[in-house]
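Subject: Structure handover

Hi,

Here is the structure I promised to pass on. Have a look at it first, and then read on for what turned up.

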Amino acid sequence: MTATALRTHRCGALREAHVGLEVRLGGWLHRRRDLGGLIFFDLRDRAGIVQVSFGPDWTPAAVLEAAATVGPESVVLVRGVVQPRPEAARNPEMVTGQVEVRATQLEVVGPAVTPPIPVWRTKGEDLPAEELRLLHRQLDLRRPEMERNLALRHRLLQRARGVLTELEFYEIETPMLTRPTPEGARDYLVPSRVHPGQFYALPQSPQIYKQLLMVAGFDRYFQLARCFRDEDLRADRQPEFTQIDLEASFVGPEDVYGFVEAVMVNLWDEAGHEVGRPFHRMAFHDAMEHYGSDKPDLRYELKIEDLGDLFGGRGFRVFDTAVEAGGRIRGMRVPGGAQLSRKALDEIAAVAQRHGIGGLATLKRTGDSLTGPLAKLPDIASEQAGLKDGDLLLVTAGADNVTSAALDAVRLQVIQRLELEPVEQHAFLWIEDFPLFERELESDEWIFAHHPFTAPRPEDLPALLDRQYGDVKAQHYDLVYNGNELGSGSIRITDPEVQLRVLEAMGIPRADAERRFGFLLTALRSGAPPHGGFAVGFDRVVMLLAGADSLRDVIAFPKTTAARALFEDSPSPVDPAELASLGIEIRGQ
């Protein structure tokens, strides 16, 4: 440090090795204690807390007097000598607890009013309401949990950059002012003053740009991309977010899996977790069949089964009616589930009913005895049902698109209530073989299952050309971790004719497609290599690795669930004169 530096060390960096050294510190007054003629500061910065002592034997009288008036959270500069704490005053719970700084100089450079929320809480103390913390975000960010989360975020960002650089990816920025594209969510629109009546869109992803980079021959691209989607929020979703975005040429899915797995293994290592590869793999159909979800939590072995052979045609009217209507009988065997009380089973059934099923039938085995509604069916034996002593069978019937979601919810409830032991701690899973198209629930029309630039499997091209859209599988893949979707990717369409056919399937005529996507189609016609990529939801990764409950705990300045930034009162009205300069008039207010 130079002689003119305001500080020589961070507060939390001082150790016994610094004893005898004169230091200059800068930080926030975390706590002040007045003990007769002695005054103690707990002085805090991002590295931690150190004790600063003011006493008549080493502190000038004017400095000692000034120290008695400093309020909490004020920013001060301190000069003094590092000394060992008296033996009885050492604090083994603090990394700096063996030393203190005996102050000779003090300057208050940032006096603070009484903070409206505490920036530190004692063990067991509840946090203030989240809206109040978001309103005073600069204070909330002083909490040690927030500092740790954002420090982890920084380390993970740098680790991702390093891994992808070693894999010969170039980091390239793509535009923030883009052309609107149909990617499944609403765009944030930005009016152009230079071109009245025309609008940019903030990017939902850099999708088309990274494809253009592959056509341009850059071979491997990545970006810590800022993306924007105007959609409803929840704890794990924000209107603006960061993703680790990558694309590579002359690759198939296996290559992309390798790149992404290398990044994930390194990020988990940065957070102190050892993860093996390759990751698990599962077809979309199998995930829905056995787990009721395309993001199953494989830490637990509990699976959904088709129970039609066991319970079909046995006179259980609810089941028979569902099967006659084209549905199936499905359920799960729960080892040790017989311990669940009637009340617990009723609560689990209520969760299932909220997902659209009529009810949940049960069969328990206790010793050699079977109990529950299904025990009344003729010729039902515990061996036939696959039940051991203490096991439970949960069964429902109906259309797959209803029972899958309900049984997924039931599975998660059972895992939670029985506190089942995981068979592994870090269950990464690739979901493959998604459909390229799916039916829109309200209109029953075909829509993109993901985005319109995803390539169909080569063997399914004839079905696409014959308009047999339900038979077309996509070269799309999702990455799941412990039941959380981390990101998605695909091999891209490089044949402009196939791209036009896919857009046409979604009701976008060729002329309209040429107008809206002409720049991409022109690029594909100029010679496009086979390419594919992936995007990892980085905020979610940080949330999981930090053990946080919400994305808002790992983002410096997040929005609320109402998409508002409380600390800056945004969004806010705009002066009518500014709107007029953009050719915009607000109506209906």
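Let's start with a pocket. Arg44, Gly48, Ile49, Trp120 and Pro144 sit nearest the centre of the second largest pocket, which has 32 lining residues in total. A quick word on terms: on a 1 Å grid over the protein atoms alone, a pocket is an open set of points where a 1.4 Å probe fits, with protein on both sides within 12 Å along at least five of seven lines, and lining residues have an atom within 4 Å of a point. The space in this second largest pocket is about 900 Å³, a volume being what is filled by probe spheres set on the points, with points joined across faces, edges and corners.

Before going further, please note that this is a predicted model: local features need pLDDT of at least 70 and side-chain atom pairs count only at pLDDT 80 or more, while totals for chains, interfaces and linings use all residues. Residues are numbered from 1 along each chain as its sequence is written, and side-chain values use heavy atoms, with hydrogens and water left out.

Back to the pocket. Which helix gives the most to the lining of the second largest pocket? That is α4, with eight residues. At least two lining residues each come from β1 (22-35), β2 (38-45), β3 (48-54) and α4 (144-166). (Helices, H or I with at least four residues, and strands, E with at least two, are DSSP runs numbered from the N terminus.) Sorted by class, the lining has 15 charged, 11 nonpolar and six polar residues. Here Asp, Glu, Lys and Arg are charged, Ala, Val, Leu, Ile, Met, Phe, Trp, Tyr, Cys and Pro are nonpolar, and the others, Gly among them, are polar.

Now the whole chain. The protein chain has 17 helices and 22 strands, and its C-alpha atoms fill a box of roughly 95 × 75 × 55 Å along the principal axes. Of its 589 residues, 46% count as buried, meaning under 20% relative accessible area; exposed is over 50%, and partly exposed is in between (1.4 Å probe, protein chains only). Take the contacts (heavy atoms within 4.5 Å) between residues at least 6 apart in sequence: 67% of them join residues at least 24 apart.

Helix α5 (residues 207-215) is worth a look. Seven of its nine residues are buried, namely Gln207, Ile208, Lys210, Gln211, Leu213, Met214 and Val215. These buried residues pack against β9 (220-228), β10 (240-249), α15 (510-525) and β22 (531-537). After α5 comes Gly217, with a positive phi near 95 degrees.

Next, strand β17 (residues 428-432), where you'll find Glu432. Beyond four places in sequence, the contacts of Glu432 include Tyr257, Phe284 and His476.

Pro435 lies in the loop between β17 and β18 (437-439) and counts as partly exposed because its relative accessibility is 22%. Neighbours within four places aside, Pro435 is in contact with residues including Phe284, His450 and Val472.

Thr362, in strand β14 (residues 361-366), has 15% relative accessibility and so counts as buried. Not counting residues up to four places away, Thr362 touches several others, among them Leu345, Pro373 and Leu394.

- The peptide bond from Arg277 to Pro278 is cis, with omega near 5 degrees; Pro278 is in the loop between α6 (253-270) and β11 (280-283).
- The bond from Ser570 to Pro571 is also a cis peptide bond, with omega near 0 degrees.
- Phe250, not a glycine, has a positive phi near 55 degrees and is exposed at 61% relative accessibility.
- Arg467 has a positive phi of about 65 degrees, though not a glycine, and is exposed at 51%.

Cheers
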